[in-house]
Amino acid sequence: MATLGTPKSTIEIIQKYQFTFQKKFGQNFLIDSHVVQKIIRAAEITKEECVLEIGPGIGTMTQHLAEHARQVIAVEIDSSLIPILNETLAPYENVIVMNQDILKTDICALAQEYNGGKPVKVVANLPYYITTPIIMKLFESNVPLDNITVMVQKEVADRMQAGPGNKEYGALSLAVQYYAKPYIAANVPPNCFIPRPGVGSAVIRLTRHKNPPVQVDDPKFMFQLIRASFNQRRKTLQNGLNNSPDIPYSKETILAAIESIGLPAAVRGETLTLGQFAALADCLRHSELKELS
Ligand code: SAM
């Protein structure tokens, strides 16, 4: 079996198996081995490591991962790709293919079984229709993680990396940056895929923080505040939070909390840093305790 990563080898294998692309699975296969190499370099994979690949497709990146890592676990939802993967990955003894939905996979159990519970690296050319749920699952389910290096829509990569004052800054930026340090490693044009996606793509590496960069008593509540602030971007923070059904505080309590962390009454949510959202969340929670006592 020839190494994949060119238009010719990709077309040959999909014709041999009469594979038809499924839009509902976000199937855009990489046909450029330089891009694959860039992803693998950005992930900083070594021979000791265990890598989880989400959505191997026909196995293009999987072949390269198998050459660089100790163990590769590849989770693919589309059962019609499994016979293809059996052929393209036949030479590699360090690859396990699972025909499963990643959103229903117990990734902690996989890390335990194949890496003794030590941190794994995640590498993927992600299906774009579920980029955010996959990344949030990886962070929130406390999978032991070193870094996640993924191909995503360029616009989504920009949002993950944006800071206050940037028009891309939003709830996704803050969620990602609470858990990890983002770094955009490459921009990738549509002609590097079959079929060509309608949008530009980028490779982003998210290096998991050992400890969160801010301390907050109730992170879940902080994220509720963040979502409520950005849901009403054009409003002041005070009005945005007051209008939200998820934030059970009076306008006066919200204003007192905003002012007590040193911000002006008319501040907009989109200017707050993660540290300021954490301080605001703690302040509101403490005012609730005061109201109860
Ligand atoms: N890695 C391959 C490549 O780069 O050529 C394919 C990437 S393609 C953008 C996304 C892959 O994810 C497809 O193979 C698709 O079938 C698979 N996929 C989509 N949804 C999935 C899910 N929920 N769980 C696992 N795999 C999924």
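In which helix is the place of I226? I226 belongs to helix α9, in a structure that is a predicted model. The largest pocket holds about 320 Å³ of space, and the largest cavity about 330 Å³.

- Helix α9 runs over residues 219-231 and contains 13 residues.
- From its first C-alpha to its last, α9 reaches 18 Å, which is close to the 18 Å expected at 1.5 Å a residue.
- The buried residues of α9 are F221, M222, F223, L225, I226, A228, S229 and F230.
- I226 counts as buried because its relative accessibility is 0%, and buried means under 20%.
- A171 lies 55 residues from I226 in sequence, yet the two are 6.0 Å apart in space, C-alpha to C-alpha.

**The largest pocket**

- The volume of the largest pocket is about 320 Å³. Its lining consists of 15 residues, and M136, E140, Y179, P219 and F223 are the closest to its centre.
- Three helices, α6 (131-140), α8 (171-179) and α9, each supply at least two residues of this lining.
- The largest share of the lining comes from α9, with five residues.
- By class, the pocket lining divides into 10 nonpolar residues, one polar residue and four charged residues.

**Helix α6 and the residue that follows**

- Helix α6, one of the contributors to the pocket lining, is mostly covered, as seven of its 10 residues are buried.
- The buried residues in α6 are T131, I134, I135, M136, K137, L138 and F139.
- Just after α6, N142 takes a positive phi of about 55°.

**The largest cavity**

- A search of the whole structure finds one cavity of 30 Å³ or more. About 330 Å³ of space lies in the largest cavity.
- The lining of the largest cavity has 27 residues, and G55, P56, G57, E76 and N125 lie nearest its centre.
- The elements β1 (29-30), β2 (50-54), α3 (60-68) and β3 (71-76) each supply at least two residues of this lining.
- In terms of class, the cavity lining has 16 nonpolar, eight polar and three charged residues.

**The ligand and its surroundings**

- There are 23 residues around the ligand, of which L30, G55, E76, D101 and N125 come nearest.
- An N or O atom in the side chain of D101 is 2.9 Å from a nitrogen atom of the ligand.
- E53 has a polar side-chain atom that lies 3.5 Å from a nitrogen atom of the ligand.
- For P56, a polar backbone atom is 3.5 Å from a nitrogen atom of the ligand.

**Backbone features in the loops**

- The peptide bond that joins I194 and P195 is cis, with omega at about -20°.
- P195 is placed in the loop between β8 (193-194) and β9 (201-208).
- Q18 is not a glycine, although its phi is positive at about 45°.
- Q18 is found in the loop between α1 (7-16) and β1. Q18 counts as exposed because its relative accessibility is 70%, and exposed means over 50%.
- N142 is likewise a residue other than glycine with a positive phi, near 55°.
- The position of N142 is in the loop between α6 and β6 (145-153). N142 also counts as exposed, because its relative accessibility is 56%.

**Strand β9 and residue S201**

- S201 is found in strand β9.
- S201 counts as buried because its relative accessibility is 2%.
- The side chains of S201 and Y128 are joined by a polar contact of 2.7 Å.

How values were computed. Residues are numbered from 1 along each chain as its sequence is written. This is a predicted model: local features need pLDDT of at least 70, side-chain atom pairs count only at pLDDT 80 or more; totals for chains, interfaces and linings use all residues. Side-chain values use heavy atoms; hydrogens and water are left out. On a 1 Å grid over the protein atoms alone, a cavity is a set of points where a 1.4 Å probe fits but cannot get out, and a pocket is an open set with protein on both sides within 12 Å along at least five of seven lines; lining residues have an atom within 4 Å of a point. Grid points are joined across faces, edges and corners, and a volume is the space filled by probe spheres set on the points. Helices (H or I, at least four residues) and strands (E, at least two) are DSSP runs, numbered from the N terminus. Ala, Val, Leu, Ile, Met, Phe, Trp, Tyr, Cys and Pro count as nonpolar, Asp, Glu, Lys and Arg as charged, and the others, Gly among them, as polar. The expected span of a helix is 1.5 Å times one less than its number of residues. Buried means under 20% relative accessible area, exposed over 50%, partly exposed in between (1.4 Å probe, protein chains only). A residue is near a molecule or strand if one of its heavy atoms lies within 4 Å of it. A polar contact is a pair of N or O atoms within 3.5 Å; within protein, one must be able to donate a hydrogen and the other to accept it, and residues adjacent in sequence count only if both atoms are side-chain atoms.
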